[in-house]
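Reader: I am new to this structure. Please take me through one part of it closely, then show me what surrounds that part.

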Amino acid sequence: MSKTTSTSSPARRGFGRVAAALIATFWVVLTIVGALGASKIEDTLGDVGWAPHGAQSEIVTEGTKEGFVGTGLTSLTAVVTDVEHTSDDPVFEQRSADVAAFIDTELELDVSSHIGYATAGSGRDGFLGKDGRTSLIQLGSMLDADTMASRVLEAQSKLDDHFQAKGLRVELVGTQAFLTEMSTASMTGLGQAEMLAFPLIIVVLLLLYRSVAATLTSLVATGTTIMLTLGIINWIGTNWFDMSEFTLNSVTMLGLGICVDYTLFIVRRFQTELQEGQSVSDALRTTMRTSGEAVIASGVTVALAMSALFFIDSAVIRSIAIGVVVVVIVSILAATVLTPALLRLLGTRISWGRIPFPKRKNRREPRPNFATRLAQRRPWLVVIASVAVLGALIVPATHIAVGSADASVAREDAPVRQGFERITEQFSVGATAPIQVLVDAGTDGISSLDTAELRGLIEAIEDSAHVETVAEPLTALTAIRPDQPLAAADKSTLKHLPNGEQHALGTMLSDDGQRILITALPKGSATSETARQALFDIRNAVADQAVNGASVSVGGETQINEEATEVIAQWLPTVIAIMLTIILLLMIVTFRSILIPLLTVTLNILSVGATFGIMVLAFQDGIAASPLGFTQLGHLINWVPVLLIALLVSLATDYQVFILTRIREYVRTPGTTTQEAIARGMRETGPLITGAALLMVVVFGAFAFTGVVPIQQFGFGLAIGVAFDATIVRMFLVPACLTLLGKAAWWPGIRTQSGMAASDVRIVAQEPETSPVRQ
């Protein structure tokens, strides 16, 4: 290599180091600013809601925020177990009332109303468990969801401290209590996952780089990426868009995997160029022209593909998608701006801290690995066998079921789970998942409605074989005024009733006389098929039994879950079509080929389908769930599949781009046949792709054992998907398919002799003879 072409002038070298130092310094400042925001991320993330905007469940939630006893902006249920007394003891009622008074006055829950065993009048038995020791207190609060979630843990702690010594167990149950428990478990799981992942990442990087300095470069870039990303997400969540609590785990998981991978491709190529005799400047220039461009192409593909998720009207999915897009963009910048600056500053010191592993055996003409040799010698056999394996794994995915999680997936000693199980045992499983029907008569008032129409609606709901009991006010109003029951809903009539009866009716009649709340308890939990069937029956009843002069909406946890699932199912085909179109177009632009993009999409579909087959076997059918410590719900969490599809397709395209970019380098080399280019490209990228995939599997696999069910499924799916893609697809199918396609794979980009495109001839001709393509 000529010194005149490989060495820059002293002035240019000095300027390069100064510029690199300025870039690194600027990045440090950004990271510090990001860290300040990241430190407040827990206060920013919260419950953003599952149902789409304007859904019936949202109407019910808004309609019950005020005017009803026991409901408010947020609601909780206190499960009170009297260890020392039963309802036959005179003190039992007073002790239950003491709990309600303590919650009302001593806890910062801003209780607006409550009803329980001590205040329900003749309806008190509905608040008493089968054992005569357990009672319920239904609480309405004026706190918003995020504030309630931030206070419920402290409230539970105070209840434990005050009442356990008195022989009373009190557990707070409700949406915010459950989400708080999940958030706490998520943070704990995040810490455990990081403790497990970081040592493994360091070991894998040391094996790949064989250098401490190179390993530290990747870790610095990755750590600052996550910190900066969390700072940006905190800013977005504070000023623009409510962010889900699941965003933190998703961003951390993907940031660790993607940024480590991107920096790996940059740093490893830089090391290779230095080892082959290039100067620091030339090595960096070659690295950015090859691996740098591949990183940008791959990252843009992931970001654009994930942007398709914004079409789904789900705040949870959109917030996670925002987090993923941000972390990918920051990872691209870290790999193509910060990492080159660090490499420029380190120079040849990138090999500092050399790990004395045994040297690889040198061959004058290195041979492709076994997988590539087999794929090129027996391409049809490899394609048929690989597709058969992936096809067999896809079969279980044909009966995939989706749903949501409830308090039964919380840790066993969590108060919210103990209270949930106590309600299930002492009352009914349906009591944990009431389906609500809100009848809103507007300013005309309840008395303007037709009694027969309302009765017909109630009877249609009661007729469902999947509904256990129905709480409705018409029966009580008929007893008060048989001739005109709905006229009895007037305040002037209700005020003459005993306080207990007023409270009981106040749970079903709004104090403004405009709304009626009908509550149906299904014969199954909120996530069960029985509850879904009860919901469908109630929906049909609402559709068939009109109540003229009123709007009728269905709400409750089961309805929220179903609405979220329905909107995902509605938009999923569109989202997939958009993602695949984006990938096709970007691959066409990148490789100027028609068949390569089609091949990429086909292989991605096979890989993702096989991944879902394994997911169904593990989480839905329960195979190997117990040995692995996974929670078997009988279904996948509704938002997990759509995010998995987006990410796995994107990440698979990542590896495809890196492999094909290197193969294209050799295809452009004069005198190199297409088959030689495939063999060389697979030989050069194989260990790197395997190492990068191993890093991804380590990171994602660590999150699969966090114990938080959605993240557990998400992490496991990503780990399995990447493993499939890096082995069966990249090691066998890619070289086999490229071998079968031959030069046609690169059409119309390659049109001239020696396997080169005319435009590529000009590119090679412009490069100095001293800068050959590396083998």
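Which residue in β4 does V80 stand opposite?

Author: V80 stands opposite S135 in β4. A caution before going on: this is a predicted model.

Start with the strand pairing. Strand β2 covers residues 74-82. Strand β4 covers residues 134-141. The two run antiparallel, and 8 bridges join them. β2 has another partner, strand β5, which spans residues 168-173. This pairing is also antiparallel, over 6 bridges. Here D82 has L168 of β5 as its bridge partner.

Now ask how enclosed β2 is. Of its 9 residues, 7 are buried, so the rest of the structure largely encloses the strand.

Next comes a residue from a helix. I423 sits in helix α14, residues 415-426. The cut-off for buried is under 20% relative accessible area. I423 comes to 5%, so it counts as buried. Leave aside residues up to four places away in sequence, and I423 touches T77, V79, L136, V173, S428, A431 and T432. Compare that list with the strands. T77 and V79 fall within residues 74-82, the range of β2. I423 and S122 lie 301 residues apart in sequence, and their C-alpha atoms are 21 Å apart in space.

Move along the chain to T558. Its place is in helix α20, residues 557-591. T558 has a relative accessible area of 2%, so T558 is buried. Beyond residues up to four places away in sequence, T558 touches A433, A526, A531, R532 and L535.

Then there are the cores. In soluble globular proteins, nonpolar side chains tend to be buried together. In this model, the largest nonpolar core has 179 residues. The residues with the most contacts inside that core are L309, W639, I663, F700 and L718. Helix α23, residues 640-667, gives the most to this core, with 18 residues. Look at I663 in particular. Apart from neighbours within four places in sequence, I663 is in contact with A677, I678, G681, M682, L738 and W746. Another core lies apart from the largest one. That other core has 32 residues, including L454, V470, I516 and I538.

A search of the whole structure finds 6 cavities of 30 Å³ or more. The largest cavity holds about 100 Å³ of space. Its lining includes F265, R269, T290, F658 and E665. By type, the lining residues divide into 5 nonpolar, 4 polar and 3 charged. Helices α9, α10, α23 and α24 each give two or more residues to this lining. α23 gives the most, with 4 residues.

Finally, step back to the whole chain. The chain has 26 helices and 12 strands. Of its 775 residues, 55% count as buried. Its C-alpha trace spans about 105 × 50 × 45 Å along the principal axes. Take the contacts between residues at least 6 apart in sequence: 81% of these join residues at least 24 apart.

Definitions and conventions:
Residues numbered from 1 in each chain as written. Predicted model: local features only at pLDDT ≥ 70, side-chain atom pairs only at ≥ 80, totals over all residues. Heavy atoms only, no water. Core = buried A, V, L, I, M, F, W, Y, C linked by side-chain atoms within 4.5 Å. Buried < 20%, exposed > 50% of the residue type's maximum accessible area, 1.4 Å probe, protein only. Contact = heavy atoms within 4.5 Å. Pairing = 2+ DSSP bridges. 1 Å grid on protein atoms, 1.4 Å probe; cavity = no way out; pocket = protein on both sides within 12 Å on 5 of 7 lines; lining within 4 Å. Points joined across faces, edges and corners; volume = space filled by probe spheres on them. Nonpolar A, V, L, I, M, F, W, Y, C, P; charged D, E, K, R; others polar.
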